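Biologist: Hi! I have a new structure to look at and could use a quick tour. Can we go through it together?

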Amino acid sequence: MQEQKSDGNERLREKKVRDLMVDKRRLVEVPYTASLAHTMNTLVANQVVAVPVAAPPGHWIGAGGSMILESDKQTGAVRKHYIGMVTMLDILAHIAGDDQMNGGDDGASDLDKKMSVPVSSIIGHCLEGLSLWTLNPSTSILDCMEVFSKGIHRALVPLDGHTENVSGVELVESASSYHMLTQMDLLKFLKEHASETEGILSRPVGEMGAVNENVYAISSHTKVIDAIKCMRAAMLNAVPIVVASDSLEDDSKKLINGKRRKLIGTFSATDLRGCHLSALQTWLPLTALEFTELVASSPIFASPNTSIVLPKELVTCHLVSPLAEVIDKAVVKHVHRVWAVDQQGFLDGLVSLTDIIKVVRASLLSNSYE
């Protein structure tokens with residue numbers, strides 16, 4: 001039995017990035033001149049949370065100093081340069097800005113003005129926008145997992161890059177076209193190959209060290225606009241909402257320690273996908289909890305043909321939950337973190353996609369030396 005598990009692990013380790021790219025759709029991108037309103041519409045229409053930004057070659061420094069270029073397949077002439085990544089959180093952080101938008105005609109006008117700026121003007125305001133990487137199709141699954149276990153959420157994969165037998169990420173790349181590979185794609189792949197890693201995925205997440213006990217939360221009194229500012233400052237894409245207390249430590253405008261606090265909701269940047277700009281104006285002053293309840297009942301956010309979770313639904317696990325169960329919840333509910341709670345619903349920590357990939361890779365490596 002042990003030999004069968006070892007064989008399965010070995011087969012998985014032999015997989016390459018190209019094996020994860022089967023059935024990947026075309027790359028969704030926006031030009032550097034696109035307005036934020038257009039960019040947000042692109043995110044909504046394609047059900048994605050981030051898009052690379054393309055610009056003419058020779059005029060920009062790429063994200064992190066990268067030179068990720070698209071060139072003509074026949075002539076090799078460079079057509080565009082990917083200069084960074086823009087996420088839904090970047091847009092929300094820009095909308096929230098440094099002023100309180102409390103509605104009214106001036107507020108609506110201010111929102112229109114903020115959403116009319118070119119997308120290139122906000123690249124780099126959040127750290128993730130400067131994390132633009134490529135992974136070669138021949139990169140091993142273990143090297144791919146190493147990249148994603150360091151908190152890199154996505155990478156461009158060239159369909160016909162000029163480099164071969166490359167491990168890890170690259171800062172210089174030229175290809176005629178790219179596809180996007182994400183942490184979620186990797187988790188879906190692991191879920192599909194669960195039989196090959198049964199010995200690993202059957203172990204409890206707490207035992208494997210996949211639970212991060214440092215969990216930052218907002219209280220049930222925190223306003224949407226303050227939640228966005230907190231997330232921007234801490235570079236978080238989602239935060240748990242916990243029951244507010246009368247403690248002086250509970251500042252509704254700041255992140256608080258969520259450990260051992262009662263979990264009642266989740267506020268995520270992706271909750272605002274599909275939100276009309278006019279609705280944003282009236283929703284920013286609401287509490288984050290009120291917002292999630294509003295979203296859950298709004299027909300705008302109904303997704304009958306997708307597996308995207310409604311914000312009101314809490315996706316949780318326990319310290320004794322098998323890793324396979326947590327991966328299944330993350331993939332099926334399409335969330336990037338699963339809250340670890342005790343039997344009474346108090347927070348023990350969180351399991352992120354980065355945490356999952358990190359422990360699976362460590363287990364695959366340790367098994368290879370047994």
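Predicted model: local features only at pLDDT ≥ 70, side-chain atom pairs only at ≥ 80, totals over all residues.

Biologist: Great. How many helices and strands are in the protein chain?

Modeller: The chain has 14 helices and 16 strands.

Biologist: And what share of the residues counts as buried?

Modeller: Of its 370 residues, 52% are buried. As for contacts with a separation of 6 or more, 71% of them are between residues 24 or more positions apart.

Biologist: Let's switch to helix packing. At what angle do α4 and α10 pack?

Modeller: Helix α4, residues 88-96, packs against helix α10, residues 224-234, at about 120°, and their axes are 9 Å apart. Because of that angle, α4 is oblique to α10. The crossing of α4 past α10 is left-handed.

Biologist: Which residues make the contact?

Modeller: From α4 there are Leu89, Leu92, Ala93 and Ala96, and from α10 there are Ile225, Ile228, Lys229, Met231 and Arg232. By type, 7 residues of this contact are nonpolar, 2 are charged and none is polar.

Biologist: Nice. New topic: which residues of α13 are buried?

Modeller: In α13, which spans residues 323-333, the buried ones are Leu323, Val326, Ile327, Ala330 and Val331. They sit on the same side of α13, because they cover an arc of only 130° around the axis.

Biologist: And what follows α13?

Modeller: Next is His334, which has a positive phi, near 55°.

Key: Residues numbered from 1 in each chain as written. Heavy atoms only, no water. Buried < 20%, exposed > 50% of the residue type's maximum accessible area, 1.4 Å probe, protein only. Helix = DSSP H or I, 4+ residues; strand = E, 2+ residues; numbered from the N terminus. Arc of directions from axis to C-beta. Axes fitted to C-alpha atoms, helices over the stretch in contact; angles between N-to-C directions. Parallel < 35°, antiparallel > 145°, perpendicular 65-115°, else oblique. Left-handed = near helix turned anticlockwise from the far one by under 90°. Contact = heavy atoms within 4.5 Å. Nonpolar A, V, L, I, M, F, W, Y, C, P; charged D, E, K, R; others polar.
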